[in-house]
Amino acid sequence: VLQGVFLYEMFVLTFGLFLINYSKFSTIKRIIMIKIKAAALLLSALFLNTALASPSTKTDPGIKADYVLIKKSSRVMFLLKNSRVIKSYRVSLGKRPVGRKIYQGDHRTPEGKYKIEYFNPNSNFYYSLKISYPNELDKMIAQKLNVKTGGDIFIHGLPNKFPDPDSFRGRDWTKGCVALTNKEIKEVVSLVPVGTTVQIIP
């Protein structure tokens, strides 16, 4: 699983930097983006679909995840330990789920490699884990396009004022965060330590 993610990440990073250098050519930029997206999705499917087809629904007591993988197109978050899936969850994304987050307020969920920075005890949502967005590539792209990256990207539960899961089930409703039910995020917080790597792919 992680070998496939690594190859995908190197592919996106290499062509992402290439895109930054040639961003002033709008036609070339569009063509490159289409090719990057198609190739990235193909790599994602080839390396991940088989390995993640049957994730475990039970977790051994005391086990902690050492890697979090979020596959946006499938709306699924996987918790891994030693490259093996130990838990999976259906998730909701930003209101504009397709494409990587570029600027503050675009309502997109980021794509790339990040870390869990901290657990937020004063969240407006039921439990939340801070993701270390923006990373260096996010910052470079935003600087090149002269926009602000934004921040405050979390994995979180439902809003404290509207905790009914049926109101949010099956739709993308966040401003760019990754959302679960309250029961699920409580479990995730217990399984994912601060400092854990989070990989978000299309």
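Two strands are taken to pair if DSSP finds at least two bridges between them, and helices (H or I, at least four residues) and strands (E, at least two) are DSSP runs numbered from the N terminus. The structure is a predicted model, in which local features need pLDDT of at least 70 and side-chain atom pairs count only at pLDDT 80 or more, while totals for chains, interfaces and linings use all residues. Residues are numbered from 1 along each chain as its sequence is written, and side-chain values use heavy atoms, with hydrogens and water left out.

Eight strands form an open sheet of mixed pairing, in the order β3-β2-β1-β8-β4-β5-β6-β7, with β3 and β7 (178-179) as the edge strands, each of which pairs on one side only. Helix α4 packs on this sheet and touches β2, β3, β4, β5 and β6 (contact: heavy atoms within 4.5 Å); its direction makes about 155° with that of β3, where axes are lines fitted to C-alpha atoms, for helices over the stretch in contact, and angles run from 0 to 180 degrees between N-to-C directions.

Within the sheet, β4 (residues 112-119) runs antiparallel to β5 and is joined to it by three bridges, with Y118 standing opposite K130 of β5. Three bridges likewise join β5 to β6 in an antiparallel arrangement, and here L129 is found opposite I155 of β6.

In a regular strand the side chains alternate between the two faces of the sheet. In α4 (residues 182-191), the buried residues include N182, I185, V188 and L191, and their cover includes β2 (76-81), β3 (84-90), β5 (128-131) and β6 (154-156).

How values were computed. Buried means under 20% relative accessible area, exposed over 50%, partly exposed in between (1.4 Å probe, protein chains only).
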